[in-house]
Amino acid sequence: VQSGVAVSGVDIIVTGEVLELAANAKSRFFSTVITSECKMVIKASNLKDGSVTTRNVEGALTQTVFWFDHDDVRKMVGLVLKDGFDRFVNDTKIEDGTIKSVR
């Protein structure tokens, strides 16, 4: 996936790759536990100065539901992917026109 973003006149390209993605639904007495796990690598490149930051992001989410529905699994997969990307964005900053990882 590739997209361009303009921030204060700085052109940034964000790319990423999902390395592992898994979802599991385990039935229990009167409930189902849904787990979604993801490992991905996300890279942001600043076209203006050539600075690059790359992060490996891992995450897992769990939800227990009373009535199981396949849409619950789809939602969990979407949430774990969004959580990983959000953490990348929160840990990345642009300072003096250079993109940097906060961590």
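Me: Which residues form a nonpolar patch on the surface, and what accessible area do they have together?
Reply: This is a predicted model, so the values that follow are computed from predicted coordinates. The nonpolar patch on the surface is formed by Phe29, Phe30, Phe66 and Trp67. Ring pairs also link Phe29, Phe30, Phe66 and Trp67 into a cluster. The accessible area of the patch, taken together, is about 620 Å².

Me: Is phenylalanine 29 buried or exposed?
Reply: Phenylalanine 29 sits in the loop between strand 2 (10-28) and strand 3 (31-46). The threshold for the exposed class is over 50% relative accessible area. With a relative accessibility of 73%, phenylalanine 29 counts as exposed.

Me: How many aromatic pairs does a search of the whole structure find, and what is the angle between the planes of phenylalanine 30 and phenylalanine 66?
Reply: Searching the whole structure gives four aromatic pairs. One of them joins phenylalanine 30 to phenylalanine 66, with 6.3 Å from centre to centre. This pair is stacked, and the angle between its planes is 0°.

Me: How many residues apart in sequence are the parts that the pair of phenylalanine 30 and phenylalanine 66 ties together?
Reply: Phenylalanine 30 belongs to the loop between strand 2 and strand 3, whereas phenylalanine 66 belongs to the loop between strand 4 and helix 1 (70-90).

Me: Why is the pair of phenylalanine 66 and tryptophan 67 classed as it is?
Reply: The ring centres of phenylalanine 66 and tryptophan 67 are 5.1 Å apart, and their planes stand at 85°. Planes over 60 degrees apart meet the criterion for one class of pair. The pair of phenylalanine 66 and tryptophan 67 is therefore edge-to-face.

Me: What is the phi of phenylalanine 30?
Reply: Most residues other than glycine have a negative phi. Phenylalanine 30, which is found in the loop between strand 2 and strand 3, is exposed with a relative accessible area of 55%. Although phenylalanine 30 is not a glycine, its phi is positive, at about 65°.

Me: Is serine 31 buried or exposed?
Reply: Serine 31 lies in strand 3. Leaving aside neighbours within four places in sequence, its contacts are Lys26, Thr64, Val65 and Phe66. The cut-off for the buried class is under 20% relative accessible area, so serine 31, at 18% relative accessibility, counts as buried.

Me: What is the relative accessible area of threonine 53?
Reply: Threonine 53 lies in strand 4 (residues 52-65). Beyond its neighbours within four places in sequence, threonine 53 is in contact with residues including Phe88, Thr92 and Ser101. Threonine 53 is buried, and its relative accessible area is 5%.

Me: How far apart in space are valine 57 and methionine 76, C-alpha to C-alpha?
Reply: Valine 57 has its place in strand 4 and counts as buried at 3% relative accessibility. Not counting residues up to four places away in sequence, valine 57 touches Cys38, Lys39, Met40, Ile42, Gly84 and Arg87. Valine 57 and methionine 76 are 19 residues apart in sequence, and their C-alpha to C-alpha distance is 17 Å.

Methods:
Residues numbered from 1 in each chain as written. Predicted model: local features only at pLDDT ≥ 70, side-chain atom pairs only at ≥ 80, totals over all residues. Heavy atoms only, no water. Helix = DSSP H or I, 4+ residues; strand = E, 2+ residues; numbered from the N terminus. Buried < 20%, exposed > 50% of the residue type's maximum accessible area, 1.4 Å probe, protein only. Contact = heavy atoms within 4.5 Å. Patch = residues over 30% accessible without salt bridge, like charges linked within 9 Å, V, L, I, M, F, W, Y side chains within 5 Å. Areas by Shrake-Rupley, 256 points an atom, 1.4 Å probe, with all protein chains shown as cover. Salt bridge = Lys/Arg side-chain N within 4 Å of Asp/Glu carboxyl O. Phe/Tyr/Trp six-rings, centres within 6.5 Å; stacked < 30°, edge-to-face > 60°.
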